[in-house]
Amino acid sequence: MQVNLLLDKQGPTISKYIYGQFAEHLGRCIYEGVWVGKDSDIPNVNGIRKDVVEALKNIQVPVVRWPGGCFADEYHWKDGIGPSEKRSTIVNTHWGGVTENNHFGTHEFFELIRQLECEAYINGNVGSGTVQEMQEWVEYMTMNGESPMANLRRDNGQEEAWKVEFFGVGNESWGCGGNMRPEYYADLYRRYQTYVRKYGEHTIYKIACGPNVDDYNWTEVLMRNAANYMDGLSLHHYSIPTRVWQDKGKAWDFPEEQWYSVLEHAQYMDELITKHSTIMDKYDPEKRVGLIVDEWGAWYNVEPGTNPGFLYQQNTIRDAMLAAITLNIFHKHANRVHMANIAQMVNVLQAMLLTEGEKMIKTPTYHVFDLYKYHQDAELIDSYGDEITHVTYTVSKKDGKVTVSLCNYDLTETREITLSRKEGEFVVLEAEYLTADVMDAHNTFEEPEAVSIQPFTRYKTDKNSLIVTLPPMSVASIIIKEN
């Protein structure tokens, strides 16, 4: 496979927000995964797990979406403020029917944001909430002056307003967020977003609920009727091996055909973004409105013996391939995809991290995000050349360095890829990769390093060429000098 890099051709910036995370009140994502409480024996800072924060900071998490998901349209924020012992409980009807004590609310979320040193993406309640409730929440979070909600925040211990970078006006309004028609939601969005006010110097980036997978009519209606009132339009797509919701397939110990079927379904993201972007271009040719893929990843049957509503699943080398394939697609569409949020951050679906009591493990997906972190806010490098089955790649440059990330998702075949540049030699500064010997290799609490990043040496340079020998089931990132 021959790839020619056009290092001198200016490309779009790969937004760091493409590497965003999603933390919903679902299963053990928030409670146990993030929040253990200040009195827990598990090491924590102000109730938030130290190990989880340290791991997420290592991959430079840029933004976290909260509190949902479907949960967002049943969440009433005032139940989650004030003294924890006085907070109302809530039954999480979407996810397992469990009762939550609301000990993790607005203040605790912004403490997580502070510890991660990242941005906040708040998803507001349109499905069962009022305009006033949403307006007051924005005021509570972002108003520094004198006002009823700002004073209530101060009474609850937070003097300074927080920064809300992104605000979603409803979630999946076509489904769990209200079963609305696009025409109805477009009008509702225009109304609700009016009250997502700018209370200080910072302007909040407003995100409208976008389509379910390939509902192109939804995108058409929203862009035609409300594009001028939005900064972003969301898109959700999950990859499922069987394409059957009732029996999605196993997360591990799966047949060989489901290795390829789920990765093929992941590649469908390219077509989805292309077609939705074409519609958006009609109404927004300057690409001001971002496509926000704020739910994506693999969705399998839950692990045997776990609560079906908790969506807890293992994470294998197959999921590492899926992550690389999808991130490469987002890079390709960097001029329209402004943010993405993998589902989800801890203990749910295609998670970065899994926890069990005081133990925590990093998943193969986590390691891909680690290998790819150098692409955040880098300039996409264009290229041309041969295509080869089961190989995908992306190249970017930043701070005088070029990062080449390659994925060979073939189960058995090693691939040789030759990268060429017009001028200058290839000087490799760093090279790492992730691979495995079996297609369902995964980390466990007994063997947490079974799948982990290793130094990569299977390359050679020849003046203006870099020849890479990539084993099957592997993802590699190679950092070279730009000049």
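This is a predicted model: local features need pLDDT of at least 70, side-chain atom pairs count only at pLDDT 80 or more; totals for chains, interfaces and linings use all residues.
Let's start with the strands. Strands of a sheet pair through backbone hydrogen bonds, and they can do that either parallel or antiparallel. You can find a closed barrel here, made of eight strands that run in the order 3-6-9-10-11-12-13-14. The pairing in the barrel is parallel. Going from one strand to the next, the twist averages 25°. To zoom in on one pair, look at strand 6 (residues 63–66) and strand 9 (residues 119–124), which are joined over four bridges in the parallel sense. Within that pair, valine 64 sits opposite alanine 120 of strand 9.

Five of them form an open sheet in the order 18-1-21-25-24, and its pairing is mixed. At the edges are strand 18 and strand 24 (459–462), each of which pairs on one side only. Ignoring direction, neighbouring strands in this sheet are turned by 25° against each other on average. Follow strand 24 to its partner, strand 25 (residues 465–470), and you'll see antiparallel pairing over four bridges. Here threonine 461 faces leucine 466, which belongs to strand 25.

Over residues 294–474 the chain is 14% helix and 39% strand.

Next, the gaps. Rolling a probe the size of a water molecule over the atoms shows where empty space is left. The largest pocket found in this model has a volume of about 750 Å³. Its lining is made of 23 residues, and those nearest the centre are Lys332, Glu387, Val391, Thr392 and Tyr393. Helix 7 (256–283), helix 8 (317–332), strand 18 (382–385) and strand 19 (391–398) are the elements that each give two or more residues to this lining. By class, the lining of the largest pocket has 11 nonpolar, seven polar and five charged residues.

Why does the largest pocket lie between domain 1 (13–378) and domain 2 (382–481)? Both domains give residues to its lining, so the pocket lies between them.

The second largest pocket holds about 430 Å³ of space. It is lined by 17 residues, with Trp35, Lys38, Asn46, Arg87 and Glu108 the closest to its centre. This lining is made up of three nonpolar, nine polar and five charged residues.

Finally, there are the cavities, where a probe fits but cannot get out. How many of them reach 30 Å³ or more? The count comes to three. The largest cavity has about 50 Å³ of space. Around it you'll find Tyr75, Trp77, Gly124, Asn125, Gly129, Thr130, Glu133, Met134 and Trp137. Helix 3 (residues 131–142) gives the most to this lining, with three residues. Sorted by class, the lining of the largest cavity has four nonpolar residues, four polar ones and one charged.

Notes: Residues are numbered from 1 along each chain as its sequence is written. Side-chain values use heavy atoms; hydrogens and water are left out. On a 1 Å grid over the protein atoms alone, a cavity is a set of points where a 1.4 Å probe fits but cannot get out, and a pocket is an open set with protein on both sides within 12 Å along at least five of seven lines; lining residues have an atom within 4 Å of a point. Grid points are joined across faces, edges and corners, and a volume is the space filled by probe spheres set on the points. Ala, Val, Leu, Ile, Met, Phe, Trp, Tyr, Cys and Pro count as nonpolar, Asp, Glu, Lys and Arg as charged, and the others, Gly among them, as polar. Domain bounds come from an automatic or database domain assignment. Two strands pair if DSSP finds at least two bridges between them. Axes are lines fitted to C-alpha atoms, for helices over the stretch in contact, and angles run from 0 to 180 degrees between N-to-C directions.
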